[in-house]
Amino acid sequence: MSGSRIDALLSEMTLAEKIGQLNMLAAGFSVTGPIIGGDATGAVREGRAGSLLNVFGPSSVRDIQRVAIEESRLKIPLILGFDVVHGHRTVFPVPLGEAAAFDPALWEATARASAREAAADGVALTFAPMLDVSRDPRWGRVVEGPGEDPFVHALFGAAKVRGFQGDALDDPSTVAATVKHFVGYGAAAAGRDYASTDMSERTLRETYLPPFQAAIAAGCAAVMPAFSDLSGVPMTANGPLLTSWLRREAGFEGVVISDYNAVAELVAHGVATDLAEAAALALRAGVDVDMMSGAYERGLPDALSRGLVTLAEIETSVRRVLQLKERLGLFDDPMRGLRDQGAAPLLAEHRPLAREAARRSAVLLSNRNDILPIAANPLRIAMVGPLGDAPTDMMGSWSGAGEARDSVTFLRGLREARPDCDIGYARGVGVDEAEEGGPDAALELARAADLVILAIGEARDMSGEAASRTGLDLPGDQANFARAVLALGRPTVVVLSSGRPLAVPWLFERADAVLATWFLGSEAGHALADLLTGRAAPSGRLPLTWPRSVGQVPIFFGERPSGRPASDGHYTSKYIDLPTTPLFAFGHGLTYGHVRYASLSVEPSRPRRDDAISVSVELANEGVHAAEETVFLFVRKPVSRVARPLLELKGFLRMGLEPGERARGVLTLPVSALAFPGPDLTSSVEPGDYEILVGPSADRTRLLRQVVHIEEGGA
Ligand code: NOJ
């Protein structure tokens with residue numbers, strides 16, 4: 001469109017109407033913060049709101065969009081935004097779980113399906129993907145993103161943006177993506193949500209910014225600044241990052257949308273005295289849209305008359321909002337993609353994808369004596385624990401328009417898969433509270449069973465926003481309950497649902513198998529049954545390090561070497577009460593086959609700077625079941641001008657292997673991917689030796705290693 005349509009509109013708009021385009025209000029229900037909004041209809045009619053969040057579905061969307069395009073003076077359509085984070089009506093696994101699939105094609109496919117469903121419900125913009133690298137599982141929002149590693153985040157983010165946005169936003173089955181929370185939010189001090197962050201510019205550039213860079217390069221339409229401050233400058237007022245980095249360095253041309261009430265919170269942050277100052281700080285830093293704080297509506301006119309902002313600055317933001325409306329095709333088709341009232345949601349069509357995604361998100365952490373898959377003969381199975389038949393919890397933290405009645409629980413899935421087995425169920429204990437009648441009935445059931453499935457963990461609202469924890473243990477009385485069940489000595493498989501790793505080493509010592517299921521979504525129970533019965537081989541791998549104790553946090557594979565690495569010596573970098581190693585390394589995850597790695601080959605050994613290094617390794621499945629393996633490629637530069645992390649992830653590859661099968665996995669590593677910021681933070685590929693390390697996880701003892709050499713100043 002025409003800049004001309006936008007110019008014409010701008011020339012007709014009053015100041016209030018301009019500011020209205022920068023105002024996003026919540027309608028319907030209000031989810032994450034103080035409930036400020038009520039009925040937004042009046043504001044829409046008066047041109048005081050340019051976008052809304054939390055309105056979806058044919059009749060509400062039609063009604064409110066009609067007010068905008070028929071009853072408001074300038075008839076500008078609204079953008080309707082919604083948190084479609086891991087599904088809309090069909091709920092896919094939480095992002096931390098889906099990350100475990102290590103498959104960009106799957107990540108893209110679930111975003112595409114979510115976009116189709118959301119767009120059919122009138123949603124034009126989602127507040128996702130969430131790309132906050134997080135290395136502290138106390139932080140509840142660790143569940144919303146793809147884990148600890150920036151390389152995984154970059155691939156995950158780009159895949160999600162492609163999935164949400166498709167080829168072009170004027171396709172009415174797409175939604176505009178909003179990458180969030182820019183930037184550093186996952187480094188919240190002590191893992192407490194909304195707390196302050198502080199980090200070196202090197203860490204910012206090496207770890208926290210690259211995921212955003214990747215999402216922007218993929219064409220992401222919007223960016224949301226984090227609630228938090230970075231070294232004292234709240235991100236909502238952070239001009240150097242929101243303008244200098246985002247727009248100038250990263251080339252972002254879209255819309256910046258504040259988080260919920262974050263503009264007004266600049267006062268509480270201690271950088272503004274009133275709403276006018278808060279509004280001016282945010283707008284001048286580069287925040288175009290004020291979500292729900294009212295600071296732009298109430299503060300910008302005042303800020304303008306006090307000379308804190310200029311009309312040109314306001315208009316720059318208005319122009320960006322109108323451009324997004326244009327890209328979305330809203331001016332020509334305000335009901336963009338909206339389904340008819342009677343049309344069914346796409347749930348039935350998307351269930352197979354939800355089942356596949358759920359199957360591939362679960363991580364088999366332990367499987368002593370190959371107790372899984374479950375034997376084929378009829379068994380008496382006891383499912384016990386609070387999460388065995390918990391449809392709401394299966395949906396996880398951001399369940400969109402999902403409905404609990406559509407969730408297939410673990411109990412239902414297993415009963416459908418094994419009608420030949422006698423499968424009883426008793427909760428035994430609540431997630432966070434005692435069970436009426438106590439645990440006796442569950443213990444009785446378990447005692448008499450051939451196999452016990454112990455379904456424990458966190459409720460879905462124990463992770464996510466404002467759900468930080470100081471401990472990584474099993475909530476409530478579940479530890480006692482689990483100990484009592486395990487003490488019965490029956491073969492026991494633990495199905496552990498949680499939004500973060502739980503540091504419960506004793507559980508792994510006693511249980512025969514533990515499957516981490518995070519929150520698997522609408523098809524949780526079918527996916528679990530596929531895996532337990534062996535219809536599918538487990539293939540998920542940990543997208544973050546699993547600690548032994550909360551005291552090890554933050555723990556991640558990309559740490560820098562110490563001058564005194566942990567050893568038997570006393571004065572070394574370690575704890576006196578626990579090993580420094582995690583319970584499970586990043587990338588850990590078992591399958592039913594047994595895969596052996598051999599003969600790593602890296603060619604050429606002295607690559608030129610424009611070469612791609614070919615890395616190949618032989619895999620042999622020595623087990624009796626099929627294997628679904630993920631091969632990880634790490635690098636390390638042992639000597640450089642600035643000490644490099646002990647491992648840096650540069651690639652991964654998924655391979656299926658039948659029993660007895662051998663195959664070579666091949667990964668390609670462009671030499672340019674070895675670049676890192678030098679002492680002056682300028683990125684380059686330093687000459688010298690680089691270790692190339694390949695294996696099934698970030699456990700260094702299991703990695704095969706070769707060295708390549710990059711010549712000084714070579715071409
Ligand atoms: C607050 C959360 O931080 C953000 O992630 C979300 O998109 C908004 N609320 C809107 O619900």
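Mentor: We take salt bridges, then a pair of helices.
This is a predicted model, where local features need pLDDT of at least 70 and side-chain atom pairs count only at pLDDT 80 or more, while totals for chains, interfaces and linings use all residues. Residues are numbered from 1 along each chain as its sequence is written, and side-chain values use heavy atoms, with hydrogens and water left out.

Trainee: How many salt bridges does the structure hold?
Mentor: Side chains of opposite charge can pair when their charged atoms come close. A salt bridge needs a side-chain nitrogen of Lys or Arg within 4 Å of a carboxyl oxygen of Asp or Glu. The structure's count is 54.

Trainee: Are Asp-136 and Arg-138 buried or exposed?
Mentor: Their side chains meet in a salt bridge, 2.7 Å from N to O. Buried means under 20% relative accessible area, exposed over 50%, and partly exposed in between (1.4 Å probe, protein chains only). Both Asp-136 and Arg-138 are buried.

Trainee: What relative accessible area does Arg-202 have?
Mentor: Arg-202 forms a salt bridge with Glu-206, at 3.0 Å from N to O. Glu-206 is buried, at 16%. Arg-202 is buried too, with a relative accessible area of 13%.

Trainee: At what angle do helix 1 and helix 13 pack?
Mentor: Helices (H or I, at least four residues) are DSSP runs, numbered from the N terminus. Axes are lines fitted to C-alpha atoms over the stretch in contact (heavy atoms within 4.5 Å), and angles run from 0 to 180 degrees between N-to-C directions. Here the axes lie 10 Å apart, and the angle is about 135°.

Technical notes. Helices (H or I, at least four residues) and strands (E, at least two) are DSSP runs, numbered from the N terminus.
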